[in-house]
Amino acid sequence: MAHIHHPDADADVTVDEPDVVHVDHVKHYAAGVPAVAVALQRGMEQMGPVRTARTLAKLNQRNGFDCPGCAWPETPGHRKHAEFCENGAKAVAEEATRRQVGPEFFARHSVADLATRSGYWLSQQGRLTHPMYLAPGDTHYRPVDWDEADRIVAAEFAAMTTPDEAVFYTSGRTSNEAAFVYQLFARSLGTNNLPDCSNMCHESSGTALTSSIGIGKGSVSVPDLEHADLILIAGQNPGTNHPRMLGTLANAKANGARIVAINPLPEAGLMRFKDPQKVGGVIGTGSKLADDFLQVRIGGDMALFRGVAKLVLDAERAAPGTVFDQDFLDEHCAGVDDYLTLLERLDFDDVLAATGLTQAQIRDLADAVIRADRIVLCWAMGLTQQRHGVATIAEGTNLLLLRGMIGKPGAGLCPVRGHSNVQGDRTMGIYEKMPEAFLAAVDHEFGITSPRAHGFDTVAAIDAMTRGQVRVFMAMGGNFVSAAPDTRATEAALAQCRLTVQVSTKLNESHVATGHAALILPTLGRTDKDVIAGVPQQVSVEDSMSVVHLSRGSLKPASELLHSEVAIICDLAEATLGPDHPVEWSALKHDYDLIRDRISRVIPGFEGFNTRVRAKDGFVLPHPPRDARKFETSTGRANFAAYPLEWVPVPAGRLILQTMRSHDQYNTTIYGHDDRYRGVSGNRHVVLVHPDDITALGLQPGQHVDVVSEFDGPDGLEERRVTDFEVVAYDTPRGNAAAYYPETNPLIPLRSVAAESNTPVSKAVVVRLEPRA
């Protein structure tokens with residue numbers, strides 16, 4: 001944890017880097033008084049008491065700013081005075097910190113020196129204050145003014161032999177307005193190379209849902225969850241990754257919902273929630289959430305969904321017309337008979353082998369599905385980052401389709417997105433394969449000709465950089481190096497670029513893994529006032545439930561030199577494309593309402609954008625399956641998928657590893673070293689293993705090992721290695737293990753991706769543990 005220390009410009013922030021692992025009791029509830037205490041402590045350390053109080057009072061409020069953390073929505077019409085969670089407060093403290101990183105810092109530290117520091121140390125130094133440039137051959141970044149930065153980028157773009165030598169990466173925190181002008185810049189330049197963080201996280205969800213129901217977004221609202229009578233939560237840890245979801249689940253529980261947690265690890269947030277804003281969450285025991293915990297083996301979710309569907313089919317055969325929603329199937333679905341034939345041929349021994357569950361557990365879940373009138377299926381990266389992630393999500397969708405649970409109040413599909421506007425970025429066109437209708441509308445509105453050839457997703461972009469096919473890599477937020485798989489390969493790929501450009505609020509590993517030259521462009525965060533030429537601006541975001549609302553920062557920026565993301569993009573576009581380009585970049589930069597007007601004429605559902613977004617709680621985007629049981633698929637119906645059953649067997653003497661977040665991080669940002677709910681603190685270099693597996697592998701708890709991944713390469717078996725991890729005995733399924741990312745990202749080869757979605761397979765890595773000498 002960082003010391004409470006605010007240095008002057010001539011000193012670094014001192015941070016502790018623990019190297020001893022402490023193992024404590026696993027917690028059986030989430031939140032409560034400790035969550036409040038930790039949130040306030042982090043705020044005081046980073047912001048001080050007055051700034052903490054003022055900032056948290058604005059977080060997720062109607063006239064405030066949207067949380068820079070997760071995308072979980074507020075309950076419509078029922079916002080609390082403290083509408084945030086522990087990790088949201090940590091995210092705000094990180095962004096609104098009083099610590100600063102200016103030119104003096106970069107003069108003290110060479111890039112080589114910074115490359116030896118941890119990501120935690122880098123982020124704790126504070127907010128970036130000046131544009132910085134690393135010239136070819138230089139050892140240190142130096143300050144530049146914005147005009148020079150724009151000229152540097154424009155010159156590199158002008159030197160490209162093809163527009164596809166540029167890659168425009170996007171983080172999920174980018175606003176709708178910034179995302180829209182970003183994709184407009186890329187397409188005006190002539191490329192669809194628009195990889196984003198969704199490629200690495202929820203691409204499997206979008207791929208599966210688009211094929212099955214015609215839209216890659218979830219079909220439920222917060223009220224749907226609160227009025228469901230059965231909620232299945234698979235491959236997700238809401239207590240750490242989406243803590244405000246716990247309040248929604250507690251409301252559902254109070255309304256009589258049965259909640260089933262399906263996950264390899266027991267997670268405190270799925271067991272019990274102590275709401276610190278209620279008396280029972282302070283002095284009581286809180287709310288029990290999960291009625292059942294099914295400890296499925298890694299990669300066994302597809303088999304579980306299919307096994308349950310088979311038992312649902314058996315029940316329908318035994319009592320025709322009482323289980324299936326036959327009217328829904330007849331009127332709205334395609335591929336039903338092929339799927340039922342697949343179920344009839346299912347060998348249930350395969351289901352038991354894949355899941356590690358008993359037949360009684362699976363039958364009990366099937367009985368709950370049969371009895372329920374309103375079912376919601378929630379999932380996150382535990383499902384999406386599997387080799388068969390698309391097939392798994394399609395299988396869960398199949399199960400709900402049998403019961404007619406799409407387009408029905410209190411029922412539906414709920415992919416729980418991560419970053420706060422990752423869904424909005426995709427809506428705005430941040431996608432390498434946007435459909436023709438979107439591209440044609442952009443061309444008509446702006447008088448440009450967008451390219452039609454598909455661009456690079458994240459993995460393809462890294463491949464192209466490795467081959468020397470990318471001259472300029474630009475990142476709008478995020479920490480590309482730490483988010484991407486195969487860390488060493490990603491760093492080497494970036495080094496092949498002529499120029500890397502990072503639009504950032506704080507320092508991270510991506511600033512030290514550079515091209516031949518590099519720029520750091522400091523930007524405003526969600527908490528900052530955005531004023532251009534004396535006129536206050538406001539941005540919008542879209543949450544996980546397709547609600548679009550405004551966000552207004554209120555803090556004085558860390559430096560007068562900070563520019564908004566919109567301003568940075570528009571200035572770069574004008575410098576690159578020239579004053580005669582048909583897009584009026586300067587006008588868009590100076591008035592975000594103009595951007596929203598243009599969006600309203602390009603993207604269906606945004607008609608009257610400027611008026612509707614100023615409503616009390618914003619507005620909800622259309623969702624044809626939810627709103628009218630209309631399925632805009634190739635068949636015009638909801639499509640049942642019939643994938644071969646797939647799971648991840650455990651080779652002899654090996655384990656199947658999943659990467660995961662600790663409770664003290666959000667995505668790649670490490671807030672501290674305390675994974676409080678799992679009872680692990682100190683050094684993050686740990687691997688969680690079942691006690692019986694530790695014994696079977698001839699190891700001891702506390703022993704230090706190297707973790708070695710094994711995978712099939714073109715020349716036979718290949719390996720990746722991370723060193724000096726401590727073995728921790730933990731309640732995992734036999735044959736499975738878990739460790740934190742990004743520390744274990746080097747184990748994931750670039751070509752180990754999910755079928756169809758190309759998402760890196762971070763949740764099913766075959767590893768062996770080698771004792772250290």
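1. In helix α23, which spans residues 436–446, the buried residues are Phe438, Leu439, Ala441, Val442, Asp443, Glu445 and Phe446, where buried means under 20% relative accessible area, exposed over 50% and partly exposed in between, with a 1.4 Å probe and protein chains only. Helices here are DSSP runs of H or I of at least four residues and strands are runs of E of at least two, numbered from the N terminus. The cover over the buried residues of α23 includes α8 (176–189), α22 (422–427) and α29 (592–602), contact being defined as heavy atoms within 4.5 Å. Just after α23, Gly447 takes a positive phi of about 70 degrees.

2. This is a predicted model, in which local features need pLDDT of at least 70 and side-chain atom pairs count only at pLDDT 80 or more, while totals for chains, interfaces and linings use all residues. Residues are numbered from 1 along each chain as its sequence is written, and side-chain values use heavy atoms, with hydrogens and water left out.

3. On confidence, the protein chain has a mean pLDDT of 91, and 94% of its residues reach 70 or more, pLDDT being the predictor's confidence in each residue, from 0 to 100. Over residues 1–7 the pLDDT is below 50, although this stretch has 26 contacts in the model beyond near neighbours in sequence. Where pLDDT is low, the predicted coordinates should not be read in detail.

4. The largest nonpolar core has 64 residues, of which Phe157, Phe168, Leu519, Leu521 and Phe606 touch the most other members; such a core is a set of buried Ala, Val, Leu, Ile, Met, Phe, Trp, Tyr and Cys residues joined through side-chain atoms within 4.5 Å. Helix α8 gives the most to this core, with 9 residues. A second, separate core of 54 residues includes Ala372, Trp379, Val390 and Leu400. In soluble globular proteins, nonpolar side chains tend to be buried together.

5. Phe157 also belongs to helix α7, where Trp146, Ala149, Asp150, Ile152, Val153, Ala154, Glu156 and Phe157 are buried. Not counting residues up to four places away in sequence, Phe157 touches Ala166, Phe168, Phe185, Leu189, Val472 and Thr576. Helix α7 (residues 146–158) has 13 residues and reaches 18 Å from its first C-alpha to its last, close to the 18 Å expected at 1.5 Å a residue, the expected span being 1.5 Å times one less than the number of residues. At the start of α7, a side-chain oxygen of Asp145 comes to within 3.2 Å of the backbone nitrogen of Asp147.

6. Strand β16 (residues 472–476) is mostly covered, with 5 of its 5 residues buried: Val472, Met474 and Met476 lie on one side, Phe473 and Ala475 on the other. Strand β7 (residues 166–170) pairs with β16 in the parallel sense over 5 bridges, and β16 is also joined by 5 bridges to the parallel strand β17 (residues 499–504); two strands pair if DSSP finds at least two bridges between them. Ala475 is the bridge partner of Tyr169, and Ala475 stands opposite Gln502 in β17.

7. Several backbone angles deserve a check, because most residues other than glycine have a negative phi, and most peptide bonds are trans. Asp486, which is not a glycine, has a positive phi of about 50 degrees and lies in the loop between α25 (480–483) and α26 (487–495), where Asp486 is buried at a relative accessible area of 5%. Ser546, likewise not a glycine, has a positive phi of about 65 degrees; Ser546 is found in the loop between β21 (539–542) and β22 (547–551) and counts as buried at 1% relative accessibility. A cis peptide bond, with omega about 10 degrees, joins Tyr741 and Pro742, and Pro742 is in the loop between β33 (736–740) and β34.

8. Arg768 is found in strand β34 (residues 765–771) and is buried, with a relative accessible area of 14%. A polar contact of 2.8 Å joins the side chains of Arg768 and Glu719, a polar contact being a pair of N or O atoms within 3.5 Å; within protein, one atom must be able to donate a hydrogen and the other to accept it, and residues adjacent in sequence count only if both atoms are side-chain atoms. Leaving aside neighbours within four places in sequence, the residues in contact with Arg768 include Asp706, Glu710, Glu719 and Arg721.
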